[in-house]
Amino acid sequence: MSQLRTNAILDASGGNTATINGIPLRQGVLDPENRIINGAFDFWQRGTSTTADAYIADRWSNSRLGGTVTASRQSFALGDTFGSNSPTFFWRQDVSGQSATSHYARAATPIEGVRSYAGQTITVLGWARRSSGSGNMAIGLEQTFGTGGSPSTFVAVGAQVVTLTTSWAAFAVTFTVPSISGKTLGTNNNDSLLVTAWTSAGSDYNSRFATTLGLQTIGVDLWGVHIKVGTHTTAATDLYKQPELGPELARCQRYYEKSYNVDVAPGTNTSIGATVFAGSSDSASISYCTIYYAVQKRTVPSLVGYRTTGTINVWDFTRSGLNSTATVGAAAPFPGAKSGVLSLIVGATFVPVAIYGHWVADAEL
Amino acid sequence: MNAMNITAAQYVNCSMTGQASGILATIDGIAWSVPLTPGNRHYEALMAAVEAGTLVIQEADV
């Protein structure tokens with residue numbers, strides 16, 4: 001084998017359009033530099049709509065205060081394309097009724113680790129449109145240094161307004177991510193770089209914007225949000241390839257995993273995917289069910305159980321000819337990031353039991 | 001990152017070890033088994049509420 005050693009490969013004009021077998025030699029093609037997970041919005045393990053200030057799409061939350069803010073999964077028509085992609089779902093956030101200076105709405109996704117892109121120039125790219133109302137959106141970044149100890153206060157990198165129309169259009173917003181030299185991390189390993197798509201913002205948040213957005217009544221649709229290192233224009237969205245589903249789901253499951261099939265929301269009446277455990281109860285009439293996660297979690301997750309009928313904090317069990325329900329007791333011993341334990345109160349001591357139900361593990365940032 | 005509505009919280013002892021093993025907390029209407037793990041977002045929210053004086057975590061049943 002021979003080796004080719006060089007510091008740069010340029011096209012014939014000295015530019016950056018060189019290719020190998022038709023594949024552009026550009027960042028993002030040969031370097032998996034995008035650290036936004038589920039920017040193509042393929043996975044919605046929690047459900048398909050929320051009005052709460054909560055995660056709904058995997059890794060994406062309906063971050064909000066005041067008024068009515070609804071984030072929902074929407075479907076593309078078969079045959080819709082962006083570049084070489086044929087996407088399935090997109091994110092929609094509808095905002096109304098916001099009036100106070102403290103009100104805001106945004107889609108937000110945390111990238112684990114504030115070290116991400118620190119000191120680098122990056123471009124956040126994707127596609128967006130205005131589905132209702134009037135106004136625009138703004139793309140921003142926030143470095144958060146975690147909790148525990150005496151972490152540095154968060155740093156907002158001025159959000160930049162993206163002009164929207166009622167038609168899908170690519171956007172590209174370039175940021176210089178501040179260095180974290182001299183900063184102090186919290187001790188709880190939960191620092192992050194937050195990527196935000198603001199859809200409304202009261203004046204309390206003006207300091208987080210390069211150009212202010214203001215309060216809006218608007219619906220905003222998003223798809224294909226990703227990051228490329230360096231300065232790029234919207235032309236670079238042509239290079240975006242939506243992630244393969246298998247690896248992308250695994251990336252999502254580092255933060256949230258459940259026993260249900262991936263497209264079934266927790267609390268749904270279904271036995272498909274339920275965990276079945278056969279064991280015995282102890283002197284406190286408790287049986288313990290160990291859950292082994294498909295993907296190791298970011299941290300020890302919180303757990304919640306559901307009966308197959310959908311009732312929360314109840315599982316079913318059988319013992320000595322009795323079919324009944326077991327209360328999901330509480331946090332059980334030996335919680336870990338690779339496995340967790342549910343304690344199940346079965347009402348009798350030292351009896352063999354078979355127990356089944358669903359579970360959800362949440363280790364989000 | 002998200003604002004959480006915490007309506008109940010109680011430490012829970014493990015019957016195996018006798019030690020506090022977690023907190024049973026109702027957060028946004030869902031009763032989570034929350035580990036005693038700094039960095040878990042539910043645990044962080046519980047501790048922040050305690051520090052702010054808006055939540056008292058009940059002792060474990062014995």
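This is a predicted model: local features need pLDDT of at least 70, side-chain atom pairs count only at pLDDT 80 or more; totals for chains, interfaces and linings use all residues.
## Chain B: surface and overall form

Along the principal axes, the C-alpha atoms of chain B fill a box of roughly 35 × 20 × 20 Å. The radius of gyration of chain B is 11 Å, which agrees with the value near 11 Å that a compact globule of 62 residues would have. Of the 62 residues in chain B, 47% count as buried. Among the contacts in chain B that link residues at least 6 apart in sequence, 35% join residues that are at least 24 apart.

## The domains of chain A

The domain assignment divides chain A into domain 1, covering residues 32-253, and domain 2, covering residues 275-362. The C-alpha centres of domain 1 and domain 2 of chain A lie 36 Å apart, and the contact between the two takes 6 residues from domain 1 and 5 residues from domain 2.

## An antiparallel sheet in chain A

Strands of a sheet pair through backbone hydrogen bonds, and the pairing can be either parallel or antiparallel. In chain A, 6 strands form an open sheet in the order 3-6-7-14-9-12, and the pairing in this sheet is antiparallel. The edges are formed by strand 3 (49-50) and strand 12 (169-176) of chain A, each of which pairs on one side only.

Strand 7 of chain A, which spans residues 89-96, is mostly covered, since 6 of its 8 residues are buried. Strand 7 pairs with strand 6 (residues 68-75) of chain A in the antiparallel sense over 8 bridges, and it pairs with strand 14 of chain A, again in the antiparallel sense, over 5 bridges. Individual residues show how these pairings are laid out: Thr68(A) has Ser96(A) as its bridge partner in strand 7, while Ala71(A) has Gln93(A) as its bridge partner in that strand. Gln93(A) also stands opposite Val220(A), a residue in strand 14 of chain A.

In soluble globular proteins, nonpolar side chains tend to be buried together. The largest nonpolar core in this model has 44 residues, and those with the most contacts inside it are Trp91(A), Met137(A) and Leu222(A). Strand 14 of chain A, covering residues 218-229, supplies the largest share of this core, namely 7 residues. A second, separate core has 20 residues, including Tyr260(A) and Val360(A) from chain A together with Ile27(B) and Leu55(B) from chain B.

The surroundings of Met137(A) can be described in some detail. When its neighbours within four places in sequence are left aside, Met137(A) is in contact with a set of residues that includes Ala128(A), Val162(A), Phe171(A), Trp198(A), Val220(A) and Leu222(A). Gln160(A) is also one of the contacts of Met137(A).

## Residues with a positive phi

Most residues other than glycine have a negative phi. Against that background, Arg59(A) has a positive phi of about 70° although it is not a glycine. Arg59(A) is placed in the loop between strand 4 (55-57) and strand 5 (60-65) of chain A, and, with a relative accessible area of 1%, it is buried.

Tyr117(A), which is likewise not a glycine, has a positive phi near 65°. Its place is in the loop between strand 8 (104-112) and strand 9 (121-133) of chain A. Tyr117(A) counts as buried because its relative accessibility is 6%, and the limit for a buried residue is under 20%.

## A partly exposed loop residue

Phe154(A) lies in the loop between strand 10 (137-144) and strand 11 (155-162) of chain A. Its relative accessible area is 39%, so Phe154(A) is described as partly exposed. Leaving aside its neighbours within four places in sequence, Phe154(A) is in contact with Glu142(A), Gln143(A), Thr144(A), Phe145(A) and Arg208(A). The C-alpha atoms of Phe154(A) and Glu257(A) are separated by 28 Å, and these residues are 103 residues apart along the chain.

How values were computed
Residues are numbered from 1 along each chain as its sequence is written. Chains are lettered from A and ligands numbered from 1 in the order in which they are written. Side-chain values use heavy atoms; hydrogens and water are left out. A nonpolar core is a set of buried Ala, Val, Leu, Ile, Met, Phe, Trp, Tyr and Cys residues joined through side-chain atoms within 4.5 Å. Buried means under 20% relative accessible area, exposed over 50%, partly exposed in between (1.4 Å probe, protein chains only). Helices (H or I, at least four residues) and strands (E, at least two) are DSSP runs, numbered from the N terminus. Contact means heavy atoms within 4.5 Å. Two strands pair if DSSP finds at least two bridges between them. The radius of gyration is taken over C-alpha atoms; the globule rule is 2.2 Å times the number of residues to the power 0.38. Domain bounds come from an automatic or database domain assignment.
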